[in-house]
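Work through the exercises below with the sequence and model open. Try each task before reading its solution.

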Amino acid sequence: MPASEAVRLGRKRALSPCPNPLFLHWLSELRDQAKERGMKTQHVYQKAINSLKKYPLPLRNGKEAKILQNFGDGICKVLDDRLQRHYKEHGADAPIHSLPGGKNLQGDGGKEKGWKKKREYVPQKRTGGYAVLLTLYRHCQIPGSKGFMLKMELQREAQPLCDKSFSAPDLGSKYTAWSSVSTLIQKDLLIKTHSPAR
């Protein structure tokens with residue numbers, strides 16, 4: 001197998017949900033205020049929020065946000081005014097790509113899914129997922145390791161680390177310890193390639 005095809009094990013670096021949390025926080029506040037007063041500008045702010053969430057780079061000021069869809073002169077000016085106030089309150093070198101005081105960002109009064117801190121998936125000890133990851137990790141530490149394992153070999157070596165069977169489901173269940181592999185793939189903790197599967 002060429003080196004370029006080697007299976008990568010490990011985690012992908014988690015990307016920050018939004019590189020401009022402070023701007024997002026301010027726009028969410030403005031939208032909520034407009035909503036409370038029954039003003040139609042709430043929809044304008046919501047469109048700007050949606051655009052900002054999709055933008056992957058940090059912005060230095062409101063004027064830079066003008067390149068984004070749904071950001072007119074008005075919104076950009078509001079952001080710049082808030083930014084000036086922020087610098088007055090927190091100092092000229094205050095960070096603007098994180099929230100002051102470790103505030104939790106919940107754009108819709110906590111209802112918005114994208115901003116709740118997702119719990120990282122960690123397989124419980126002695127489960128199928130735990131056994132598979134530990135076995136692959138140990139295998140990759142061996143000098144000259146090929147960087148992958150075939151299903152039968154992986155099941156055989158992972159079995160002693162797991163309380164459930166990798167081949168026979170528990171009584172009254174259709175799942176085996178191997179069923180957890182699909183969760184590991186889904187959570188980007190494992191990559192499955194080739195046929196037969198590696």
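Rings of Phe, Tyr and Trp (its six-membered ring) pair if their centres lie within 6.5 Å; planes under 30 degrees apart count as stacked, over 60 as edge-to-face and the rest as tilted. This is a predicted model: local features need pLDDT of at least 70, side-chain atom pairs count only at pLDDT 80 or more, and totals for chains, interfaces and linings use all residues. Residues are numbered from 1 along each chain as its sequence is written, and side-chain values use heavy atoms, with hydrogens and water left out.

**Exercise 1.** Find the aromatic pairs in the whole structure and classify them.

Solution. A pair of aromatic rings is described by the distance of the centres and the angle of the planes. The search of the whole structure returns 2 aromatic pairs.
- Step 1. Take Phe 23 and Trp 26: the centres are 5.8 Å apart and the planes make 35 degrees, a tilted pair.
- Step 2. Helices here are DSSP runs (H or I, at least four residues), numbered from the N terminus.
- Step 3. Check burial, which means under 20% relative accessible area; exposed is over 50%, partly exposed in between (1.4 Å probe, protein chains only). Phe 23 is buried at 2%, and Trp 26 is buried at 6%.
- Step 4. Take Phe 166 and Trp 178: 6.3 Å centre to centre and 65 degrees between the planes make this pair edge-to-face.
- Step 5. Phe 166 and Trp 178 are each in the loop between helix 5 (151-158) and helix 6 (180-186), 12 residues apart. Phe 166 is buried, with 4% relative accessibility.

**Exercise 2.** Which residue lies over the face of Phe 148?

Solution. Apply the test: NZ of Lys or CZ of Arg must be within 6 Å of the ring centre and within 35 degrees of the ring normal. Lys 146 lies over the face, at 5.6 Å from the ring centre.

**Exercise 3.** Describe the backbone and setting of Asn 70 and Arg 126.

Solution. Most residues other than glycine have a negative phi.
- Step 1. Asn 70 has a positive phi, near 70 degrees. Asn 70 sits in the loop between helix 2 (41-54) and helix 3 (73-90), and is partly exposed at 34% relative accessibility.
- Step 2. Arg 126 also has a positive phi, about 70 degrees. Arg 126 belongs to the loop between helix 3 and helix 4 (128-141), and is partly exposed at 32%.

**Exercise 4.** How many helices and strands does the protein have?

Solution. Count 6 helices and 0 strands. Of the 198 residues, 34% count as buried.

Technical notes: Helix = DSSP H or I, 4+ residues; strand = E, 2+ residues; numbered from the N terminus.
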